[in-house]
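Biologist: I would like to learn how to read aromatic pairs in a model. Can we work through a case together?

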Amino acid sequence: LEHRSLPEIIDEELADGAVRDISFGTYIASGFVTHVLHTYLAAFPREQLRLHLFDDLARDPEAVIRDIFAFVGVDPSVPLDVSERHNSSGGTIANPVLRAAWTRSALVRARVRRFVPKAARDATFSVVSRNLVPLRLDPAVRARLVELYRDEVTSLGELLGRDLSGWQR
């Protein structure tokens, strides 16, 4: 559970440098990926790499999966079921008591997971996530992030040969 505000997180990470080779456990630094991709492209021929954006996966998961199947030599005509969304979130749990109980029980839930049938886990999650409050990004924070990532988005778009200007709105 994160106790810092997003503006605090941005300030703290920028103080340590946003672009870094190891960005595990960061919020801001993990959004700078172009320099990492250049490392891979320097080591491997482009045709040995397959790069997909989350936007593509969200828009057409079956097409992305089939493309990856074909890329790694799996029959791309294998029947797929992409109807179920996993790890989906649409906000924060509205009831503060339920939110606290759910958040604080994460370690226990992880430990007993293998003993609880999937149907029971899914039903519990459905009840807990039934009434979510959408999270809103403050317009000033959004503007700051757009400016922070402006050059990165441009570089990534050039590297991928894709128009990512929609990310800068």
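Modeller: We start with the chain, then turn to its rings. Keep in mind that this is a predicted model.

Biologist: How many helices and strands does the chain have?

Modeller: There are 8 helices and 2 strands. In sequence order they run α-α-α-α-β-α-α-α-β-α. The radius of gyration is 20 Å, well over the 15 Å from the globule rule for 169 residues, so the chain is more spread out than a compact globule. Buried residues account for 18% of the 169.

Biologist: What describes a pair of aromatic rings?

Modeller: Two things: the distance of the centres and the angle of the planes. Here, a search of the whole structure gives 3 aromatic pairs. One of them joins Tyr40 and Phe44, with 6.4 Å between centres and 20° between planes, and it is stacked.

Biologist: What is the relative accessible area of Tyr40, and that of Phe44?

Modeller: Tyr40 has 43% and is partly exposed. Phe44 has 37% and is also partly exposed.

Biologist: Why is the pair of Trp102 and Phe125 called tilted?

Modeller: Planes under 30 degrees apart would be stacked, and over 60 edge-to-face. The Trp102 and Phe125 planes meet at 50°, so this pair is tilted; the ring centres are 6.1 Å apart. The pair connects distant parts of the chain, with Trp102 in helix H5 and Phe125 in helix H7, 23 residues apart. Phe125 is partly exposed, at 36% relative accessibility.

Biologist: Which residue lies over the face of Trp102?

Modeller: Arg109 does, at 3.7 Å from the ring centre.

Note on methods. Residues are numbered from 1 along each chain as its sequence is written. This is a predicted model: local features need pLDDT of at least 70, side-chain atom pairs count only at pLDDT 80 or more; totals for chains, interfaces and linings use all residues. Side-chain values use heavy atoms; hydrogens and water are left out. Rings of Phe, Tyr and Trp (its six-membered ring) pair if their centres lie within 6.5 Å; planes under 30 degrees apart count as stacked, over 60 as edge-to-face and the rest as tilted. Buried means under 20% relative accessible area, exposed over 50%, partly exposed in between (1.4 Å probe, protein chains only). Helices (H or I, at least four residues) and strands (E, at least two) are DSSP runs, numbered from the N terminus. A charge sits over a ring if NZ of Lys or CZ of Arg is within 6 Å of the ring centre and within 35 degrees of the ring normal. The radius of gyration is taken over C-alpha atoms; the globule rule is 2.2 Å times the number of residues to the power 0.38.
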